[in-house]
Amino acid sequence: MQDGGMTSRTVALRTTAFVFGTSQRIAHSLSQRTMGRPGEGSVIRSNALPEDVARGNRASLVRGALLDPGKAVLAGQVCGGAVGIISEPHAGAGFREGLPPIEGFDGMVTKTPGIGLVCYSADCPLIGYVDESVPAVGIAHASWRGTMEGIAGNTGQAVLSLSAGRRPLLRVSFAPHIGPCCYEVKQDLIDAVRAKWPNSEAWFVKKGEFTFFDLYQSNRDIMVAAGIPVASIGARPRCSKCAPGLYWSWRAQKEAAGRFGAVIGIRP
Ligand SMILES: [Zn+2]
């Protein structure tokens, strides 16, 4: 596995969080598929899971990072490339009753202490960002469509934009997501990727007649193309579909899949 030179020594032990090796000021946590919890811990409503229960699971995720759920912010997620800069007026969106998530964004960044930024997934990469020079934090949900729109690089650039005038100390970490071991794709996706990113051959893994897409390598390369230092990008995480008891996997569970979530914030 490739490692951008950061704290790979902790990868094996810390599968439930981003891997940053940062200061105590940065709070982050990743939820798992938790049997015995309502909706097995899914943080997003479904036909089988009412919104108030899902909101309670989101609140547990945020509390687990020692942040206040009443100040957390949930991304609406549309599988695009847009990034929102989040501050105090957004606090509670998607967490307090009557306040909907921040619509239209798959990436969020903030330098406001106390605000937890939350994205959710079943197989898609969730990517965490920290710039300790501010400090500032960010999170991205990189579906294959969002990957094509450059969400990973856009979010990294947005974090760096908050460090104006300082020498940035950026760290980027991927949460578990579906790997090239399991993410088989069809010709329409292959054609769409090649049309937008001509130098994308390394993102595809061929096994016999089947083709698999590498969401880690593609997002990593896209970040580097966007000016994110390669040394700041962390190692490849484990595959969500290979661990369906731990992580929700759309490919493993289909319509029955819930969503796990990640939160990142600056401690108040
Ligand atoms: Zn796998």
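## A tour from the open sheet to the zinc site

Begin with the open sheet of 4 strands, whose order is S1-S12-S5-S2 and whose pairing is mixed; strands here are DSSP runs of E with at least two residues, helices are runs of H or I with at least four residues, both numbered from the N terminus, and two strands pair if DSSP finds at least two bridges between them. Strand S1 (26–30) and strand S2 (73–74) are the edges of this sheet, and because each has a single partner strand, one side of each is left without a neighbour in the sheet. What you have open is a predicted model, in which local features need pLDDT of at least 70 and side-chain atom pairs count only at pLDDT 80 or more, while totals for chains, interfaces and linings use all residues. Residues are numbered from 1 along each chain as its sequence is written, and side-chain values use heavy atoms, with hydrogens and water left out.

Next, select strand S12, residues 260–266, which runs antiparallel to S1 and is joined to S1 by 5 bridges. Within this pairing, Ala-27 stands opposite Gly-265, and the bridge partner of Ser-29 is Val-263. S12 also pairs with S5 in the antiparallel sense, over 5 bridges, and there Cys-119 has Ala-262 as its bridge partner.

Are the residues of S12 buried or exposed? Of its 7 residues, 7 are buried, where buried means under 20% relative accessible area, exposed means over 50%, and partly exposed lies in between (1.4 Å probe, protein chains only). Colouring by side-chain direction separates Phe-260, Ala-262, Ile-264 and Ile-266, which point one way from the strand, from Gly-261, Val-263 and Gly-265, which point the other way.

Move on to the zinc ion, which is coordinated by the SG atoms of Cys-181, Cys-182, Cys-239 and Cys-242 at 2.2 to 2.3 Å. Donors are N, O and S atoms within 2.8 Å of the metal (3.2 Å for Na, K and Ca), and since water is not among the atoms, sites may look incomplete. The angles among the 4 donor atoms are 104 to 114°, which makes the site tetrahedral, a label given to four donors if all angles lie between 85 and 135 degrees. Along the chain the donors follow the spacing C-C-x56-C-x2-C. Cys-181, in the loop between strand S8 (170–174) and strand S9 (184–185), and Cys-239, in the loop between helix H5 (215–225) and helix H6 (250–253), are 58 residues apart and link distant parts of the chain. Cys-181 counts as partly exposed at 40% relative accessibility, whereas Cys-239, at 9%, counts as buried.

Finish with the salt bridges, of which the whole structure holds 8, each being a side-chain nitrogen of Lys or Arg within 4 Å of a carboxyl oxygen of Asp or Glu. Select Asp-214 and Arg-236, whose closest N and O atoms are 2.9 Å apart; this pair links distant parts of the chain, with Asp-214 in the loop between strand S11 (210–213) and H5 and Arg-236 in the loop between H5 and H6, 22 residues apart. Asp-214 is buried, with a relative accessible area of 5%. In another of these pairs, Glu-184 and Lys-186 have their closest N and O atoms 3.2 Å apart; Glu-184 is partly exposed at 24%, and Lys-186 is exposed at 54%.

Terms used:
Four donors count as tetrahedral if all angles lie between 85 and 135 degrees; four count as square planar and six as octahedral if opposite donors are over 155 degrees apart and all others between 65 and 115; anything else is irregular.
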